[in-house]
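Subject: Structure handover and notes

Dear colleague,

I am handing over the structure below, and after it come my notes on what was found. Please keep the view open while you read.

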Amino acid sequence: MTVNLDDLAAIYLLSRDLATVDGDATEEEIRPLWDFLQSFGEMNQQVLEFITDLADKMEPEEAMKRVSNLEPSGKKQVSNLFAKIICADGELNSEEQEIYDGICSSCNLPDPDQPVARHEEEEEEDIVPAFLHVSYRGIASLRQSENEDWNSLKDELEEWIGGNGVEVVRFTPALNALSKELKLKGRHLVFMVARNGYGDKTVGDNMPATILYGGGYPIYGNIVFALETDQGYNIEGFHSGSLLDKALNAINEAVDGLLRTE
């Protein structure tokens with residue numbers, strides 16, 4: 001394998017990124033990297049320190065470009081190195097797998113000699129589409145509906161909210177942050193208010209809604225949280241219990257714990 005110090009720095013940087021995905025790197029995760037570097041005949045502590053210094057100044061994009069330009073035999077060695085690092089602790093979670101696959105794809109690396117055991121997400125049974133209802137008193141409760149047609153679903157939403165017509169609140173900074181935190185794919189978090197009732201002070205200020213709306217404008221009355229597709233803007237309920245739980249906890253944290261559950 002023919003490499004220069006910049007190439008070794010690139011390999012070191014990507015190896016370090018893989019070893020620290022789930023926190024601080026363990027001895028088991030670092031050992032394959034040191035064994036790899038020390039396989040080069042003139043390697044000593046001074047050279048190792050120089051390589052780490054180069055890596056600290058290198059951008060990940062440059063590192064991946066350097067590795068992708070290695071000769072085929074070098075890529076094979078690097079592929080085996082990365083596989084050893086990512087499998088060192090015997091556990092490959094979804095985040096580690098995503099980063100590992102991304103690096104291998106960007107660097108156009110061949111499959112390692114020892115196959116990497118893939119992380120398999122537990123298949124979760126779908127639930128009846130669920131919506132999170134939050135009253136102006138801060139009481140959070142579950143509503144479910146199998147209606148996919150908007151005209152039918154709208155009638156239910158109006159009943160849950162307690163008003164005529166439904167207004168969808170989307171893309172506020174707080175809602176965008178929640179959508180990102182929940183890692184929604186092809187969807188974003190929204191909440192709905194009564195079109196003619198959100199300014200009705202007689203029903204009470206919905207503080208969670210006011211916080212998530214932002215801009216200093218209070219939202220009055222009951223609201224319903226749902227998902228909306230990025231394409232077509234179709235309103236949907238939560239189809240899995242785990243995502244619903246994550247959404248409830250994330251929303252409650254975003255509104256400083258103002259939600260209470262029935």
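The axes of α2 and α5 come within 8 Å and cross at roughly 155°, where axes are lines fitted to C-alpha atoms, for helices over the stretch in contact, and angles run from 0 to 180 degrees between N-to-C directions. The two helices α2 and α5 are therefore roughly antiparallel to each other, given that angles under 35 degrees count as roughly parallel, over 145 as roughly antiparallel, 65 to 115 as roughly perpendicular and the rest as oblique. Helices (H or I, at least four residues) and strands (E, at least two) are DSSP runs, numbered from the N terminus. On the α2 side the contact (heavy atoms within 4.5 Å) is made by Glu 29, Pro 32, Leu 33 and Phe 36, and on the α5 side by Gln 77, Leu 81, Lys 84 and Ile 85. By class, this contact of α2 with α5 has 5 nonpolar, 1 polar and 2 charged residues; here Ala, Val, Leu, Ile, Met, Phe, Trp, Tyr, Cys and Pro count as nonpolar, Asp, Glu, Lys and Arg as charged, and the others, Gly among them, as polar.

Before going further, please note that this is a predicted model, in which local features need pLDDT of at least 70 and side-chain atom pairs count only at pLDDT 80 or more, while totals for chains, interfaces and linings use all residues. Residues are numbered from 1 along each chain as its sequence is written, and side-chain values use heavy atoms, with hydrogens and water left out.

Helix α5 also meets α1: their axes come within 9 Å and cross at roughly 25°, and α1 and α5 are therefore roughly parallel to each other. From α1 the contact takes Ile 11, Leu 14, Ser 15, Leu 18 and Ala 19, and from α5 it takes Val 78, Leu 81, Phe 82, Ile 85 and Ile 86. The residues of this contact of α1 with α5 divide into 9 nonpolar, 1 polar and no charged.

With α3, helix α1 packs at an angle of about 70°, the axes being 8 Å apart, and that makes α1 roughly perpendicular to α3. Among the residues in this contact are Leu 8 and Tyr 12 of α1 and Phe 50 and Asp 56 of α3, and the residues of the contact divide into 10 nonpolar, 1 polar and 3 charged. Asp 56 is exposed, with a relative accessible area of 52%, where buried means under 20% relative accessible area, exposed over 50%, and partly exposed in between (1.4 Å probe, protein chains only).

The largest nonpolar core has 35 residues, and those with the most contacts inside it include Leu 8, Ile 11, Leu 14 and Phe 82; such a core is a set of buried Ala, Val, Leu, Ile, Met, Phe, Trp, Tyr and Cys residues joined through side-chain atoms within 4.5 Å. The helix that gives the most to this core is α1, with 9 residues. Apart from it lies another core, of 27 residues, with Ala 140 and Leu 243 among them.

Finally, two loop residues deserve a look. Tyr 233, in the loop between β5 and β6, has a positive phi near 50° and is partly exposed, with a relative accessible area of 44%. Asp 256, in the loop between α10 and β7, has a positive phi near 60° and is exposed, at 68%. Most residues other than glycine have a negative phi.

Best wishes
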